[in-house]
Amino acid sequence: MKSSYDLIVVGAGPAGTTTALYAHRQGLRVLLIDKKSFPRDKVCGDVIPGRAWPILQELGLTEPLEALGILPLREARLVSPAGIPLHLQLPPCSPPYLNGFMCPRLQFDQVLFRAAAEQVNCYTGVTARGLLPRDDQRVGLQVRHRSGKEEVLVVPLVVAADGAHSQLARKAGLPPSRFRLVATRQYVQPLHQSAVLEAHFWPPLLPGYRWWFPLPDGRVNAGVGTLYRRVKGPGGSLRRLHQRAFAELETSPGVPPARAVSPIQGWHLPTPDFRRPLSADHLLLVGDAAALVDPFTGGGIGNAMLSGKLAARVARQALEAGRTDRQFLNRYDQQLWQQLRSEFRLAYRLQRLGKYPVLLNWIVRRLTSNRIPQTLLEEMSTHPLARRALLSPATYLGLRKKVG
Ligand SMILES: Cc1cc2nc3c(=O)[nH]c(=O)nc-3n(C[C@H](O)[C@H](O)[C@H](O)COP(=O)(O)OP(=O)(O)OC[C@H]3O[C@@H](n4cnc5c(N)ncnc54)[C@H](O)[C@@H]3O)c2cc1C
């Protein structure tokens, strides 16, 4: 592999491919590597958040996605810990995908990967193993090919898009985020079709939930998500929670019976740690490597792509200035937190609130009986202000006056 690149991006998921595509547009010579061969699966709920759509538009990727028959999110049903259902109709928007859409990751990531592979040099079956200090201007990236061959690629800048357990971040001395969720996914074939997304705040998972997300191909993505600390330690088993969650669901009304068509698989979802640096000398972290998963919803794809876009911009500035040291790259941390910090803070507050079943039941009862805050909930995914209003006691006090 030649070594005359400005930037090597490690990991070709949504964060890495977005970084590579934007960096290429900025005129940088980019190499993208991944340890897996594509198409490759990724354990996920397969909900692509609305935040991703404008980025996909900018990158010219909406057409190939629409050609796959992706399913815009229109309706959802939340169920409170006591079993109170709340039906939500998402606000109409144009294009409808701005509310988010369903697309299996096998296909979504392949669309991104194919676009990146057409535009930048791309190698799969290549694992990054760590960084070796060189000089002020460059760093060595140690890689191992599937054949077993090892080499060191020397570049000014590396972007770690290597996912939730980022080896590169760890090797660069950046500790993992102190906060994480865990979640499972199993594909099932339902006997009756429905386009409604289900999210149930089932008590053993709080503040997490079990989900039932219909896919465009007729299958359903079923999974559970919760705080890591709820399942770590002796006796804790996420797989068992998944099995219990869906065994119970089979007997509840409104959810169709289904046949499993894939194994139960789980993975970690690192959530933001504002104290943790997202850059080091010659290194930027994006996506799950930067721990950008929403602490309440568990969505990370939109933030992964946004971080890739910002990282590409800072990479160009750094290379132009000949400054790939941590002081210069810190502007990436600042820009990212400036865009996302308040949203993440609200999500952490929702996560704390979600630990109290009585409170959740109370809120859902109020929401089912009054239209105003329900609209707030429906708009939560697209409008941060709606989230803020939902968390404000004034919303409920005003409501109480009105209802009472
Ligand atoms: C069960 C579950 C459900 C979820 N549901 C949703 C959802 O519905 N919506 C949503 O928005 N988010 C969801 N998420 C989170 C979402 O999957 C992640 O936020 C998203 O995949 C992050 O993208 P990424 O590009 O940072 O990392 P990844 O998609 O994990 O990509 C990382 C890439 O790096 C490669 N790699 C890793 N190590 C190396 C190495 N050393 N060398 C070379 N390559 C390497 C991997 O092969 C992989 O291709 C879910 C997560 C889980 C676990």
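Here are some questions and answers about this predicted model.

Reader: How many helices and strands does the protein chain have?
Author: Happy to start with the overall make-up. This is a predicted model, and its protein chain holds both kinds of element: 13 helices and 20 strands.

Reader: What percentage of the residues of the protein chain count as buried?
Author: A residue is called buried if 20 or more other C-beta atoms lie within 10 Å of its own. The protein chain has 404 residues, and the share that counts as buried is 46%.

Reader: In the open sheet of 3 strands, which are the edge strands?
Author: The order of this open sheet is β3-β7-β4, with antiparallel pairing. An edge strand here pairs on one side only, and that holds for β3 (47-48) and β4 (71-72).

Reader: Which residue in β7 is the bridge partner of V47?
Author: Let's look at the strands themselves. β3 pairs with β7 (residues 101-102) in the antiparallel sense, over 2 bridges. Within β7, the bridge partner of V47 is M102.

Reader: How many residues lie between β9 and β10 in their hairpin?
Author: β9 (residues 126-133) and β10 (residues 139-145) run antiparallel and are joined by 7 bridges. L131 stands opposite L141 in β10. The two strands, β9 and β10, form a hairpin, and the number of residues between them is 5.

Key: Residues are numbered from 1 along each chain as its sequence is written. This is a predicted model: local features need pLDDT of at least 70, side-chain atom pairs count only at pLDDT 80 or more; totals for chains, interfaces and linings use all residues. Helices (H or I, at least four residues) and strands (E, at least two) are DSSP runs, numbered from the N terminus. A residue is buried if 20 or more other C-beta atoms lie within 10 Å of its own, exposed if 12 or fewer, and partly exposed in between; C-beta atoms are placed from the backbone. Two strands pair if DSSP finds at least two bridges between them.
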